[in-house]
Amino acid sequence: MAMNSILNSDDIKKALDAFKAVDSFDHKRFFEMVGLKAKSADDVKKAFHVLDADNSGFIEEEELKFVLKGFATDGRDLTDKETKAFLQAADKDGDGKIGAEEFAALVRE
C-alpha cells in the first residue's frame, strides 16, 4: 500500500517541501500538514504499516531515517539528529523502537 492511497498527494508534497532543509523536521507539524493527524485510527495504522518497511511490527531507528521516503520516493533522509529526536518523542517504553500504539499516540499529539 502506498501512502498516497491514505493521504492527499498535494498535502504530502507541501509537507515534504516544508521540511526540505536539513534539521528542519518537526513530526507534529509534518503529521498535521500531510493530514494524518485528522485521519481515522485505521488509516493511522495503515500509515504505520507502510513505514514499517521490514514488517517487524515496529519502526526501528534505521527505518525512521527514511520515514519521509515512506510518504514519497523523493523525500529526503532524516539526519541522525532528527532521527534520534523523532525516536525519543515516540518511544515511550524505551525499547529503542516505535510500536503501532506509540506511533498512533505520536500522530495524535
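**Reading the labels on this model**

Reader: Why is Asp17 called partly exposed?

Author: Asp17 has a relative accessibility of 35%. Buried means under 20% relative accessible area, exposed over 50%, and partly exposed in between (1.4 Å probe, protein chains only). The value for Asp17 falls in between, so the label is partly exposed. Before we go on: this is a predicted model, where local features need pLDDT of at least 70 and side-chain atom pairs pLDDT 80 or more, while totals for chains, interfaces and linings use all residues. Residues are numbered from 1 along each chain as its sequence is written, and side-chain values use heavy atoms, leaving out hydrogens and water.

Reader: Thanks! What makes Asp17 and Lys13 a salt bridge?

Author: Their side chains come to 3.2 Å, N to O. A salt bridge needs a side-chain nitrogen of Lys or Arg within 4 Å of a carboxyl oxygen of Asp or Glu, so this pair qualifies. Both residues sit in helix α1, 4 residues apart, which means about one helical turn between them. Helices here are DSSP runs of H or I with at least four residues, numbered from the N terminus. Lys13, at 52%, counts as exposed.

Reader: How do you know that Asp80 and Lys65 tie together parts of the chain?

Author: Their side chains meet in a salt bridge at 3.3 Å, N to O. Asp80 lies in helix α6 (residues 80-90) and Lys65 in helix α4 (residues 61-65), so the pair ties together parts 15 residues apart in sequence. Asp80 is exposed at 52%, while Lys65 is partly exposed at 24%.

Reader: Why is His27 called buried?

Author: Its relative accessible area is 13%, so His27 is on the buried side of the 20% limit. His27 belongs to helix α2 (residues 27-33) and touches Phe86, Ala89, Leu106 and Glu109, not counting residues up to four places away in sequence. Touching means heavy atoms within 4.5 Å.

Reader: How many aromatic pairs are there, and why is Phe19 with Phe25 called edge-to-face?

Author: The count is 9. The rings of Phe19 and Phe25 have centres 5.9 Å apart and planes at 70°. Rings of Phe, Tyr and Trp (its six-membered ring) pair if their centres lie within 6.5 Å; planes under 30 degrees apart are stacked, over 60 edge-to-face, the rest tilted. Both values meet those limits, so edge-to-face it is. Phe19 and Phe30 give 6.1 Å and 65°, so this pair is edge-to-face as well.

Note on methods:
Helices (H or I, at least four residues) and strands (E, at least two) are DSSP runs, numbered from the N terminus.
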